[in-house]
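Please keep the structure open while you read.

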Amino acid sequence: SSGINAEWPLRPGPKPVTEMNMVEIDKFNAQAGLISRDRWWLFTWCVMVPITIAQGVRSYYLEIEHNKHYPEPYVPYENIQNADKPFPWGDGKRSLFFHPKWNPIPGEGYLWEKKDDE
């Protein structure tokens, strides 16, 4: 062996499309499609899925760290939370997705601030 590649001389390239019949064209296109499909499958499961899982775990721990502290004290600015009419439920000041720790009641402040003052 003189160190030459086992496939030397190189296999001849495909015939021009104009000289191929439909079966040959279909086989030729299937090879490239299979290679592409296999590469995308490997990329998806070996690269993107682990990255997605790692990012989800990272986001979870960052959110846990973020939720350990309370929000900034409430400042009743006149231009913020200006409601033309009250909400049709409860006392009319709390939105549908109201959370007592994170959402202040307009004009009153956070519920946890009220409890601390009492």
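Is Lys-68 buried or exposed? Lys-68 is exposed, because its relative accessible area is 60%, and a residue counts as exposed when that value is over 50%. Please bear in mind that the model is predicted.

## The overall picture

Let us start with the fold as a whole. The protein has two helices and zero strands. Of its 118 residues, 8% are buried. The protein exposes about 10,800 Å², and 61% of that area is supplied by carbon and sulfur atoms.

Taking contacts between residues at least 6 apart in sequence, 42% join residues at least 24 apart.

## A nonpolar patch

One spot to look at is a nonpolar surface patch of about 470 Å². Its members are Trp-40, Phe-43, Val-47, Met-48 and Ile-51.

Met-48 belongs to helix H1, which covers residues 22–66. Why does Met-48 count as partly exposed? Its relative accessibility is 35%, and the partly exposed class lies between the buried limit of 20% and the exposed limit of 50%, so Met-48 falls into that class.

## Salt bridges

How many salt bridges does the structure hold? There are three. In one of them, the side chain of Lys-68, the exposed residue from the opening question, meets that of Glu-65, with an N to O distance of 3.6 Å.

Another salt bridge pairs Asp-91 with Arg-94, and here the closest N and O atoms are 3.6 Å apart. Asp-91 counts as partly exposed because its relative accessibility is 46%. Arg-94 is partly exposed as well, with a relative accessible area of 31%.

## A link between distant parts of the chain

Lys-93 and Glu-108 also form a salt bridge, with their closest N and O atoms 2.6 Å apart. This pair links distant parts of the chain, as the two residues are 15 residues apart. Lys-93 and Glu-108 are both in the loop between H1 and helix H2, and H2 spans 111–117.

Are the two partners buried, exposed or in between? Lys-93 has a relative accessible area of 38%, so Lys-93 is partly exposed. Glu-108, at 35%, is partly exposed too.

Conventions:
Residues numbered from 1 in each chain as written. Predicted model: local features only at pLDDT ≥ 70, side-chain atom pairs only at ≥ 80, totals over all residues. Heavy atoms only, no water. Patch = residues over 30% accessible without salt bridge, like charges linked within 9 Å, V, L, I, M, F, W, Y side chains within 5 Å. Areas by Shrake-Rupley, 256 points an atom, 1.4 Å probe, with all protein chains shown as cover. Salt bridge = Lys/Arg side-chain N within 4 Å of Asp/Glu carboxyl O. Helix = DSSP H or I, 4+ residues; strand = E, 2+ residues; numbered from the N terminus. Buried < 20%, exposed > 50% of the residue type's maximum accessible area, 1.4 Å probe, protein only. Contact = heavy atoms within 4.5 Å.
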